[in-house]
Each structure stands twice: as C-alpha cells, then as structure tokens.
Amino acid sequence: MAASIRERCNEANVEFVRLLCVTNDGMIRGQAVNVDHLESALSSGIPLPKMTQSFNAIGYRVKDGRFDAVGEVRLLPDPSTFRVLPYEDRTAAVLCDLVEHDRDVAWDADPRVAAKRMLTACEDDGLTPTIAVEQEFHLYSEKSDGEIEPLDPRGEYSSASMRASRSVILDIVDALKAQGIDVRKHHPEYTAGKNEIVVGHGTGLEPLDNAVFCRETVSGVAERAGANATFSPYPFDGATNGCHFHLSLWDGDENVFAPTDDDAALSQRGRYFVGGVLEHMPGLLALTSPTVNSYARLQPAKSVCAYNCWGIGNREAAVRVPEVRPSNRTSGTRIEFRPADNTSNPYLAVLGLLAAGRDGIDRELDPGPSVDQDPENLSDDTRRKRGIERLPGSLGEAVRELENDEVLTAALGDTLTESYVEIKRSQWEAFTAHADTWMRGTYRDRF
C-alpha cells in the first residue's frame with residue numbers, strides 16, 4: 001500500500017501529504033509530511049500533542065484540562081483514505097487514527113477509533129449500518145467594510161441561485177468526484193448563499209471520512225475562487241446550516257428498518273431504534289449539536305426541528321422517516337436525524353446515534369405514534385399528553401444531560417467522555433460571560 005501511495009504522489013507531483021484527524025472540538029487538524037519522508041509516516045505515524053484534544057471550538061486550550069502541555073500520541077494514517085487534493089497545489093491528504101506514542105495501541109481519546117469500535121459492536125450484533133451525510137453550507141464574500149454578500153442572491157431552491165453559484169459549485173463537484181466521492185445532487189437552500197450537496201451512502205467509516213473531506217473540499221475550492229464558505233450552524237441572522245445523518249441497519253441483504261406491513265413506515269425494530277434515539281436525545285445533542293451556536297439554529301418553525309419527536313416526512317421532527325415509493329421500501333427505508341450540524345465531530349455524532357438506537361432495540365423502546373404536523377402548532381396540552389418535549393435550549397443543558405447518560409458515556413469511554421465534556425463546558429462558560437453577538441462571527445470564521 002505504501003508503494004502504491006508513493007507512486008500516486010509521484011504521478012501527481014505531490015510535495016506534501018497532510019495527515020489529518022478530527023478532534024473533540026469538531027475542527028480538522030493535523031500536520032503535513034514531505035513526500036520524501038512519507039514511507040516512515042505511513043508505517044509509524046508522526047507525533048501530535050495530546051493537548052489538541054483539550055482545545056475547544058473557540059480556539060482555547062482548557063486550563064487544567066484532561067490533556068495539558070505534556071504528552072504525545074501518533075497520527076497513524078489509514079491508507080484507504082489517501083487522496084490527492086485536486087483543489088490544492090502538489091498536496092495530498094490521508095485520515096489518521098490516534099495511537100499511543102510508545103506502543104501501537106489505539107488512544108482511548110480518539111473519536112475515529114471510538115466510532116470504529118461502535119461499528120464493530122453493530123457487526124457483532126449481525127447488523128451493518130448504512131450511512132449518508134447531508135451537509136449544508138453558505139457561500140459568501142466579505143466586502144472591505146465588513147458587509148456580507150451571499151454568492152447567490154435568493155436561495156429557496158431558485159434557478160437564479162443555481163446560475164449565480166454554478167461556477168464554484170461545479171468546481172466543488174469536480175473536486176469531490178476526483179476524490180471518488182459519489183455526488184448525487186446539488187440545490188440552493190432556503191436562504192441566500194445556502195447550498196447543499198448530497199453524496200451517496202456507504203458503510204463503515206467511509207461516509208464519515210467522506211464528510212470530513214467534503215468540508216475540506218468545499219472550503220478549499222471556495223478559497224481558490226476568492227469566496228468564503230462556512231458550515232457554521234447559525235452564521236448570519238436568519239440563516240442556518242445543518243448536517244443530516246441518514247441511517248439504516250442491514251442484516252446481510254435485508255434492510256432491518258424496512259416494514260413488512262404496507263401501512264407502516266418502519267419495521268418494529270426500526271421503531272425501537274427511533275425510540276432509543278428519542279430516549280437519549282437530550283444527551284445526544286451534546287454530540288450532534290455541540291456548540292453554543294448550534295442552539296441558535298434549533299428553533300421552532302424553521303424547518304430545522306426544535307422538539308423531541310419523530311414523524312413521517314416531517315421536517316420539523318427531530319427524527320424524520322423519509323417517504324419512499326412502495327417499490328423502493330425494501331432498499332430505501334431509513335431514518336434521518338436532523339438536529340445535527342457541522343460543528344460536530346461526525347465520528348462522535350454517529351457513535352452516539354448508534355449507541356442510542358441499539359439501546360432502543362435492546363430495551364424495545366417504542367417511540368409512540370408519529371407526529372404528522374409541525375409540533376409547534378400543537379397546543380401545550382397536546383404536546384404534554386403526547387410526551388413531545390422541547391429539545392435542550394442550550395449547550396450547557398445538553399452537556400449536563402450527556403454526563404448523566406450512562407449509555408452514551410459508556411459508548412464514549414471514560415477518557416473520551418471526560419475530555420469531551422470539559423471542552424464543551426469551557427465553551428459554554430466562555431459564552432455565558434459574553435453577549436450573544438460574540439458567537440456568530442466566532443463560529444463563522446472557524447467553520
């Protein structure tokens with residue numbers, strides 16, 4: 001494999017290979033190795049300070065955090081993720097696992113390794129998760145006076161927006177395809193400058209790895225075009241970006257979520273999975289909506305979702321079961337988890353979803369009847385009787401729920417839980433000490 005990678009580097013005249021990982025704060029981090037020293041990096045990895053797992057999403061290392069200035073791990077490349085970056089000059093990249101510095105043992109604070117462990121647990125149950133990740137982002141320019149100008153003028157699925165952004169979008173699509181990422185469609189979203197590119201589904205870590213490279217690609221192509229891209233969940237007044245996770249479970253060639261009853265939307269095990277997700281939703285949000293900015297997005301009646309419920313085709317439900325044609329139910333039945341955004345670490349988001357859903361199946365947690373309208377339009381009394389509760393309204397609340405969720409913390413493990421919770425709490429404490437205008441510019445620039 002190393003020889004093949006070196007040959008690809010030679011063919012593309014690559015000078016540097018980026019060794020990348022996603023840390024607790026949702027940021028993509030790493031180092032670049034000169035191609036002359038690539039063989040050693042591929043076989044043994046390169047050092048990374050442990051303290052990178054104690055940085056929070058606003059760029060500060062947590063004082064007295066779990067990992068301080070002492071200690072290193074190694075970035076150990078996963079060769080299957082190697083690719084030449086078509087939007088960068090003479091540059092390639094590979095995603096890495098984090099291993100202990102002095103031995104080839106996975107670091108117990110590595111999100112990618114933790115996700116791999118959860119996928120293996122599913123396989124041990126005889127189940128293979130199939131995952132697709134839909135990522136939303138805004139393209140814009142910033143004038144000399146600081147005013148923001150969207151790259152396309154209207155949004156709302158308009159053809160005018162498609163025309164205005166076509167050059168950058170075509171470059172993004174070309175770059176994704178060059179990396180072997182299956183692009184299904186593109187459309188402008190509800191607000192000016194907002195876009196969504198839909199890529200194909202996959203199994204194992206591949207769809208999560210691709211989500212990381214999608215973020216890198218969109219940002220890199222936009223920069224080359226002289227534009228800005230942001231995945232921040234609430235980048236401007238009235239504008240949001242989400243990251244929707246589509247998921248189904250398979251037993252060989254059988255879609256476990258597909259119903260056998262023509263009048264049902266999900267199988268019984270599929271319902272139990274949804275029941276588990278709803279049961280663990282408050283703590284799960286700390287993994288899927290993990291920044292202060294995330295909770296400015298999760299507001300009622302915004303086609304985002306603000307209530308802990310499920311529905312068939314209902315975009316205001318936290319868990320949506322997309323409507324599929326009768327002829328496609330066997331292969332196409334799935335759930336869509338909507339209260340997630342791109343400030344999340346995708347490995348931790350899916351780890352949490354699978355842990356919650358598996359618990360639902362194990363305990364046979366039925367989610368109750370689906371909600372067939374915007375839950376905001378139901379009376380308080382109706383919501384109370386049906387157990388439809390508002391999602392946590394702040395990062396601080398979600399982090400407290402995560403700490404108290406034994407299923408999710410067991411899935412993360414002690415070290416990852418401790419390091420993750422402390423950086424999220426530090427971010428919440430920093431926010432509560434400042435006005436809320438602070439968050440928009442901070443996250444827009446970082447994501």
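This is a predicted model: local features need pLDDT of at least 70, side-chain atom pairs count only at pLDDT 80 or more; totals for chains, interfaces and linings use all residues.
View 1. Take a look at the backbone here: N13 is not a glycine, yet its phi is positive, at about 55°. Most residues other than glycine have a negative phi. With a relative accessibility of 45%, N13 counts as partly exposed.

**View 2. R90 in the loop between β5 and β6.** Here is another non-glycine residue with a positive phi: for R90 the value is about 55°. R90 is found between β5 (83-84) and β6 (91-100). Its relative accessible area is 42%, so R90 is partly exposed.

**View 3. Helix α5 packing on helix α10.** In this view, α5 (residues 206-224) and α10 (residues 346-363) pack at an angle of about 145°, and their axes are 9 Å apart. The crossing of α5 past α10 is right-handed. On the α5 side, L208, D209 and V212 make the contact, while α10 brings in P346, Y347 and V350. Sorted by type, the residues of this contact comprise 5 nonpolar, no polar and 1 charged.

**View 4. The aromatic pair Y140 and F236.** The whole structure holds 5 aromatic pairs. For Y140 and F236, the ring centres are 5.3 Å apart and the planes meet at 80°, so this pair is edge-to-face. The two partners come from distant parts of the chain, 96 residues apart: Y140 belongs to strand β7 (residues 128-142), and F236 to the loop between β12 (228-230) and β13 (243-251). Buried or exposed, what are Y140 and F236? Both are buried.

**View 5. R83 over the ring of F213.** Here we turn to a charge and a ring. The charged end of R83 sits over the F213 ring, 3.8 Å from the ring centre.

View 6. Which residues is R61 in contact with, leaving aside its neighbours within four places in sequence? They are M51, S54, F55, F67, D68 and A69. Do look for I423 as well: R61 and I423 are 362 residues apart in sequence, and their C-alpha atoms are 8.1 Å apart in space. R61 has a relative accessible area of 37%, so this residue is partly exposed.

Methods: Residues are numbered from 1 along each chain as its sequence is written. Side-chain values use heavy atoms; hydrogens and water are left out. Axes are lines fitted to C-alpha atoms, for helices over the stretch in contact, and angles run from 0 to 180 degrees between N-to-C directions. Helices (H or I, at least four residues) and strands (E, at least two) are DSSP runs, numbered from the N terminus. A crossing is left-handed if the near helix is turned anticlockwise from the far one by less than a right angle, and right-handed if clockwise. Contact means heavy atoms within 4.5 Å. Ala, Val, Leu, Ile, Met, Phe, Trp, Tyr, Cys and Pro count as nonpolar, Asp, Glu, Lys and Arg as charged, and the others, Gly among them, as polar. Rings of Phe, Tyr and Trp (its six-membered ring) pair if their centres lie within 6.5 Å; planes under 30 degrees apart count as stacked, over 60 as edge-to-face and the rest as tilted. Buried means under 20% relative accessible area, exposed over 50%, partly exposed in between (1.4 Å probe, protein chains only). A charge sits over a ring if NZ of Lys or CZ of Arg is within 6 Å of the ring centre and within 35 degrees of the ring normal.
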